[in-house]
Amino acid sequence: MTKPTPSDKALVPFVSVDNMMKLVHHIGIEPMLRGLADYIEADFKRWELFDKTPRVASHSEEGVIELMPTSDGEVYGFKYVNGHPKNTREGYQTVTAFGLLANVGNGYPVLLSEMTVLTALRTAATSAMVARHLAPKGADTMAMIGAGAQSEFQSLAMKAICGVKNIRLYDIDPAATEKAVRNLTGMGLTVTGCKTAEESMEGAQIITTCTADKQYATILTDNMVGSGVHINAIGGDCPGKTELAPAILTRSDIRGIPAPDPDRGRDPADGPRPSRHRDVGSADRQGQRPHLRRPDHALRQRGLRDRGFQRAPLRPRSHRGDGALHGSRSPGRPRRPARPLRDAATRGPLSRTGSTWVQRPVTGPCPRRT
């Protein structure tokens, strides 16, 4: 009896850590980084095609586990990745990852791959791709604060893509600094181990911070950073991992690579460009048209929050002169008398002084809610 064999459609290609390392060595680390940077930049130029879905994060005291999904309408992919800074003390890696790629048309997975090595390469290639556009022209010295494994990939990417020649390393753990200096020796870079963060920034046109702790630590204070430098703060990617003092951002030119105009080359006679993201459940009050949803809004808000900006607190709903509350009435519902706002603890009525709500003295018994 012939043993049945699965069809080609039942097999999903898998790239292991071992095979990924063989592939990188076959291509070469610097050509691999340059190729990745070119692919990443090409994807930024078609930014409007991608789902801007915020990562799904599960935070704990020990670290974070995240899922990162996206799609360009043709293929769908996600990455599973963790970040546990304590792992190095227990003999584990701080970051591990794997990912899957699927065909949107039929839902079939077409690739399952390790992404621990790929994450290290992609992070470094993205940093260098951005620095290629935003760093000062002719920059040849980078300060590297945080000397974990990613610091070595960052250094090699800046050399291969931006022409950086000098790396000035600092880590709060001198052993980590020594290890990074040792591993980068002989890679075509002049590497200097520094004893303080301030020392590492002497003469640097690019400053890269690469830390992992979620301790709301400030790695760079305002007085440490001069004008005309490019800051590559790659560690500030979730709540608690701040790295930069807010004052640095308020006086900086925060720029990005402009996305291409999605309507370029489009015939106006074709009408408005259809949106891929529509929230048909909500409509404006005048024309009952569905609102266009901004799927990247939460991501942008979180990015600002993680970099020191805080969203203004919501104001209490205010009274209109006709006795109704702003935003308290749905279309078609009759108005109802507004109740006075009360303090949550004492039940005392509140009054507004300027932009602040304060409690008025209670002169009699509080009226019961009806």
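Student: Is S113 buried or exposed?

Tutor: This is a predicted model, where local features need pLDDT of at least 70, side-chain atom pairs count only at pLDDT 80 or more, and totals for chains, interfaces and linings use all residues. Residues are numbered from 1 along each chain as its sequence is written, and side-chain values use heavy atoms, with hydrogens and water left out. Buried means under 20% relative accessible area, exposed over 50% and partly exposed in between, using a 1.4 Å probe and protein chains only. S113 has a relative accessible area of 6%, so S113 is buried.

Student: Which residues does S113 touch?

Tutor: Contact means heavy atoms within 4.5 Å. Leaving out residues up to four places away in sequence, S113 touches F14, V15, M20, F98, G99 and L118.

Student: And what about C210, buried or exposed?

Tutor: Use the cut-off again: buried is under 20%. C210 has a relative accessible area of 18%, so C210 is buried.

Student: How many disulfides are there in the whole structure?

Tutor: A disulfide is a covalent bond between the sulfur atoms of two cysteines. Here the test is a pair of cysteine sulfur atoms within 2.5 Å. Searching the whole structure gives a count of zero.

Student: Are α2 and α3 roughly parallel or roughly perpendicular?

Tutor: Helices here are DSSP runs of H or I, at least four residues, numbered from the N terminus. Helix α2 (residues 29-44) and helix α3 (residues 116-134) pack at about 65 degrees. Angles under 35 degrees count as roughly parallel, over 145 as roughly antiparallel, 65 to 115 as roughly perpendicular and the rest as oblique. So α2 and α3 are roughly perpendicular.

Key: Axes fitted to C-alpha atoms, helices over the stretch in contact; angles between N-to-C directions. Helix = DSSP H or I, 4+ residues; strand = E, 2+ residues; numbered from the N terminus.
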